[in-house]
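My entries follow in the order in which I looked things up.

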Amino acid sequence: MADANPSAAARAPHAYPMAKSGYGKKSAPDQSPRTATDFAHLPPREAQIAVFVDRLPEGAAMDAKTLAAQLPAYGQAACRTALRRLSEAGHLRRVKEHLKGDDGAYHWVTRSYFSRTARGDAWWTSVLTGEVPEPTAPARRSRAYAVLATVGRTDPRMTLSHADCVDLEPLAAAWLERGAGEGHVVRALTDGLPSPVHHAAALARRRLVDKLPPEQRPDAAAPTLRLVECTVCAAPGRPEALPGGLCRDCRGEPHTVAAPAALSPEEVHAKAALLRAINREPERNHA
């Protein structure tokens, strides 16, 4: 079983390095609960590395160099081979995604989707083309609530209680839905305050209502652009063109060239007439 010999891939004593924000490990949807036999179908080395990767947090670096630095039993070549075999077994896909960053611009980022349950090519294609929903994040306080909770840090006179934040949350959410940033909301609630402020919540309500920005024309949500990367050489391609997460060269398959289509009798006669005309041209020029 994969967990039978944990010393074969010992854990590093220090914190595991994380990838750049937006990159690194991303758990695939529909994960089954963890069991001791999840990777029993893999060779021992691949099983040990799969167990290690399975326990990494979201966003952890998953390149061969980083894994080798954390797993003293294996070098970079061994980790690179193991990642390839995990891809072939249906546990891993490298994906380039075109995502909007914190700066408002779109960037290509590389993620390593990992599935504890081995998946076939058809399942991976459906996930990477958006046919299977992404896992939902755990419930937490809304962005609007979080903004209201920070207002008092800018000006203590506008400190709001939990009950105030819950009560004003829909009004702040309307601002965010209309394109206002967190800083815009905070400034609207703290700039030009009267002295003294008798009732912070009442003043916040009045400003959120009176200063609400105009509605913006909604933009159609663009689908996320994704390209699968070959697990071995990082060559990009459509999901269906990389079975097992590998390109044709890394699968060792020869390139085939399609035979030219046969000409119809009419096309044969037309080409023959053209050749005869070309051959007669020198005779006319000479005359």
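**Entry 1: helices H7 and H8.** I looked up the packing of helix H7, residues 182-190, against H8 and found an angle of about 120° between them, with the axes 9 Å apart. Because of that angle, H7 is oblique to H8. I noted the crossing of H7 past H8 as right-handed. On the H7 side, the contact is formed by Val185, Ala188, Leu189 and Thr190, and on the H8 side by Ala204, Arg207 and Leu208. I sorted these contact residues of H7 and H8 into 5 nonpolar, 1 polar and 1 charged.

**Entry 2: confidence.** I note that the model is a predicted one. The protein has a mean pLDDT of 81, and 79% of its residues reach 70 or more. Where is confidence lowest, and where is it highest? I found the lowest in helix H10 (residues 265-286), with a mean of 65, and the highest in helix H8 (residues 200-210), at 94. I also checked residues 1-14, over which pLDDT stays under 50. For residues 1-14 the model has 26 contacts beyond four places in sequence.

**Entry 3: helices H5 and H6.** I turned next to helix H5 (residues 143-154) and helix H6 (residues 162-177), whose axes come within 7 Å and cross at roughly 120°. H5 is therefore oblique to H6. I recorded a right-handed crossing where H5 passes H6. Which residues make the contact? From H5, I listed Arg143, Ala144, Tyr145, Leu148 and Ala149. From H6, I listed His162, Cys165, Val166, Leu168, Glu169, Ala172, Ala173 and Leu176. The residues of this contact between H5 and H6 divide into 10 nonpolar, 1 polar and 2 charged.

**Entry 4: Tyr145.** Is Tyr145 buried or exposed? I count Tyr145 as buried because its relative accessibility is 13%, and the cut-off for buried is under 20%. Leaving aside residues up to four places away in sequence, Tyr145 touches His162, Cys165, Val166 and Glu169. I looked at Glu169 in particular: Tyr145 and Glu169 are 24 residues apart along the chain, and their C-alpha atoms are separated by 5.4 Å. Both Tyr145 of H5 and Glu169 of H6 are among the residues that make the contact of the two helices.

Methods:
Residues numbered from 1 in each chain as written. Predicted model: local features only at pLDDT ≥ 70, side-chain atom pairs only at ≥ 80, totals over all residues. Heavy atoms only, no water. Axes fitted to C-alpha atoms, helices over the stretch in contact; angles between N-to-C directions. Helix = DSSP H or I, 4+ residues; strand = E, 2+ residues; numbered from the N terminus. Parallel < 35°, antiparallel > 145°, perpendicular 65-115°, else oblique. Left-handed = near helix turned anticlockwise from the far one by under 90°. Contact = heavy atoms within 4.5 Å. Nonpolar A, V, L, I, M, F, W, Y, C, P; charged D, E, K, R; others polar. pLDDT = per-residue confidence, 0-100. Buried < 20%, exposed > 50% of the residue type's maximum accessible area, 1.4 Å probe, protein only.
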